[in-house]
Amino acid sequence: MLIRTPEQDIERVLYTEKAIAARVEQLGAELTAKLGDQRPVLVCVLKGASFFYIDLCRCMNCPIDMDFIAVSSYGAGARSTGVVRLIKDLDNNITGRHVIIVEDIIDSGLTMQYLKQLFAARDPASVTTISFLDKAGCHDASLKTDLVGFEIGNEFVVGYGLDYANYYRNLPYIGVLRPECYN
Ligand code: PRP
């Protein structure tokens, strides 16, 4: 059987496995310095952030609590539907806790805005936001993310958790998808 590999759909590699690992290590150290003595709750925004989240947790040299929330706004399309659907809520009460929202990418900014509002209503001690990628030119400049791995342009990227219609998440690097794959 001839298997079509995800690699064939990648126009170019943006961040190699090695570059990703080096940046995650720096981000883990920064978060540890900032909140390491507070036993923060790290919230993984499923599914996209899953790879980054696990790597980041391993790079934090302090006690943490892990929790997971699932939201979706893209479905099988390449553009946000404009509506964020809550699929799975947190397991833990975050009132009085220091919360870190861990995202893979900020694109329109809708998901992060939604999560910040949702969590603010639960009276946490603080909310810190981190995203591995930020398409800074695609959202309102007022939406600030506390820590960002890399700022990227308006390109359709996949791999390291990022998908198109649920494909490509398991690529170990981040690459630009050929436009013919989603047009
Ligand atoms: C993706 C991504 C972010 C969000 C960013 O999630 O993982 O959570 O979109 O886009 P935005 O800034 O325009 O809101 P998606 O809704 O595709 O769900 P998934 O993580 O399960 O792929």
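**Close-up views of a predicted model**

View 1. Strand E5 gives the most residues to the shell around the ligand, four of them. This is a predicted model in which local features need pLDDT of at least 70 and side-chain atom pairs count only at pLDDT 80 or more, while totals for chains, interfaces and linings use all residues. Residues are numbered from 1 along each chain as its sequence is written, and side-chain values use heavy atoms, with hydrogens and water left out. In total, 18 residues surround the ligand (a residue is near a molecule if one of its heavy atoms lies within 4 Å of it). The closest are Ser73, Tyr74, Glu103, Ser108 and Thr111. By type, the shell holds six nonpolar, six polar and six charged residues (Ala, Val, Leu, Ile, Met, Phe, Trp, Tyr, Cys and Pro count as nonpolar, Asp, Glu, Lys and Arg as charged, and the others, Gly among them, as polar).

View 2. The ligand takes up the space of the largest pocket. A pocket is found on a 1 Å grid over the protein atoms alone, as an open set of points with protein on both sides within 12 Å along at least five of seven lines; a molecule sits in a pocket if more than half of its atoms lie within 2 Å of its grid points. Strand E3 (65–72), strand E5 (98–106) and helix H3 (110–120) are the elements that give two or more residues to the shell around the ligand (helices, H or I, of at least four residues and strands, E, of at least two are DSSP runs, numbered from the N terminus). An N or O atom in the side chain of glutamate 103 is 2.7 Å from an oxygen atom of the ligand. For the side chain of arginine 169, the distance from an N or O atom to a ligand oxygen atom is 3.1 Å. A backbone N or O atom of lysine 47 also lies 3.1 Å from an oxygen atom of the ligand. A polar contact is a pair of N or O atoms within 3.5 Å. Taken alone, the ligand exposes 490 Å², and the protein buries 93% of that (Shrake-Rupley method, 1.4 Å probe).

View 3. Leucine 42 is found in strand E2, residues 41–46. This leucine 42 counts as buried because its relative accessibility is 0% (buried means under 20% relative accessible area, exposed over 50%, partly exposed in between, with a 1.4 Å probe and protein chains only). Lysine 47 lies in the loop between E2 and helix H2 (50–58). The peptide bond from leucine 46 to lysine 47 is cis, with omega near -5°.

**View 4. Two residues with positive phi.** Most residues other than glycine have a negative phi. Aspartate 123, which is not a glycine, has a positive phi of about 55°. Aspartate 123 lies in the loop between H3 and strand E6 (126–134) and is exposed, with a relative accessible area of 54%. Asparagine 166 has a positive phi near 75°. The loop between strand E8 (157–158) and strand E9 (174–177) holds asparagine 166, which counts as partly exposed at 47% relative accessibility.

**View 5. Buried residues in two helices.** Valine 24 is placed in helix H1, residues 17–35, and is buried, with a relative accessible area of 2%. Phenylalanine 119 is found in helix H3 and counts as buried at 0% relative accessibility. Phenylalanine 119 and isoleucine 94 are 25 residues apart in sequence and 7.9 Å apart in space, C-alpha to C-alpha.

Terms used: A polar contact is a pair of N or O atoms within 3.5 Å; within protein, one must be able to donate a hydrogen and the other to accept it, and residues adjacent in sequence count only if both atoms are side-chain atoms. On a 1 Å grid over the protein atoms alone, a cavity is a set of points where a 1.4 Å probe fits but cannot get out, and a pocket is an open set with protein on both sides within 12 Å along at least five of seven lines; lining residues have an atom within 4 Å of a point.
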